[in-house]
Amino acid sequence: MLIPEREIWGVFFEQTLIAGVRAYRTQGFITSDDLEMQEAFLFIGIPAVALMETVTRSLRDPEGLIFVDGRRVTLSTCVEGFKPMFELLIETKTRLSSIPPLSVDENLWVQQFLLYAGADRPINSDAMSEARKDELRNAFSYLVSVSTQLTQENCYKANFVKVLERILVSQ
């Protein structure tokens, strides 16, 4: 059964809110100034982290993606407008299945890598080899591309600033 586009957007913004609150309140990767100023990197970075979480949650599903609300989407249940992005997410999942699982430190590094895409922010990575960083960059690079594509969608443009506002006032 196809998940309506409106619902896909709703679940996406829910996952984006969760990822943004974690980056702000728990991890300290973004500041209230970043949110108040609506820094450009947030518009691609937070959604990229949310997509990372969707992909990693879905690693055991050979054909689908598992949304934050538990629903599963496959190519056959994906609405037409999202199929190109869905295929890029599946490609990311395929790349991840061919590399060793992420440690906690590597997971945090990837989150910062995605969050700061397009920003001049340092990423703490002393414990990782350059080879592993390159492997992770290659595995997760599609998420920045998908996130960039999402920023061009009308629904995204109309709603993402509201997500930033909700992150800022989160407790």
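Let's start with confidence, since this is a predicted model. Across the chain, helix α4, residues 83-97, has the lowest confidence, with a mean of 90, while helix α2, residues 32-36, has the highest, at 96. The chain as a whole has a mean pLDDT of 92, and 100% of its residues reach 70 or more.

Now the overall fold, everyone. You'll find seven helices and two strands in the chain. Reading from the N terminus, the order is α-α-α-β-β-α-α-α-α. The radius of gyration is 15 Å, close to the 16 Å given by the globule rule for 171 residues, so the chain is as compact as a globular protein of that length. The C-alpha trace spans about 45 × 35 × 25 Å along its principal axes.

How is the chain packed? Of its 171 residues, 46% count as buried. If we take contacts between residues at least 6 apart in sequence, 77% of them join residues at least 24 apart.

Let me zoom in on one residue, Leu-89, which sits in helix α4. Is Leu-89 buried or exposed? Leu-89 counts as buried, because its relative accessibility is 8%, and the cut-off for buried is under 20%. Beyond its neighbours within four places in sequence, Leu-89 is in contact with Leu-51, Val-55, Leu-65, Leu-143 and Val-146.

Finally, the surface. The accessible surface of the chain comes to about 8800 Å², and 53% of that belongs to carbon and sulfur atoms. As for charges, there are 17 positive and 23 negative ones, and their mean positions are 4 Å apart. Thanks, everyone!

Definitions and conventions:
Residues numbered from 1 in each chain as written. Predicted model: local features only at pLDDT ≥ 70, side-chain atom pairs only at ≥ 80, totals over all residues. Heavy atoms only, no water. pLDDT = per-residue confidence, 0-100. Helix = DSSP H or I, 4+ residues; strand = E, 2+ residues; numbered from the N terminus. Buried < 20%, exposed > 50% of the residue type's maximum accessible area, 1.4 Å probe, protein only. Contact = heavy atoms within 4.5 Å. Rg over C-alpha atoms; globule rule 2.2 N^0.38 Å. Areas by Shrake-Rupley, 256 points an atom, 1.4 Å probe, with all protein chains shown as cover. Lys, Arg positive; Asp, Glu negative; His and termini not counted. Charge placed at Lys NZ, Arg CZ, Asp CG, Glu CD.
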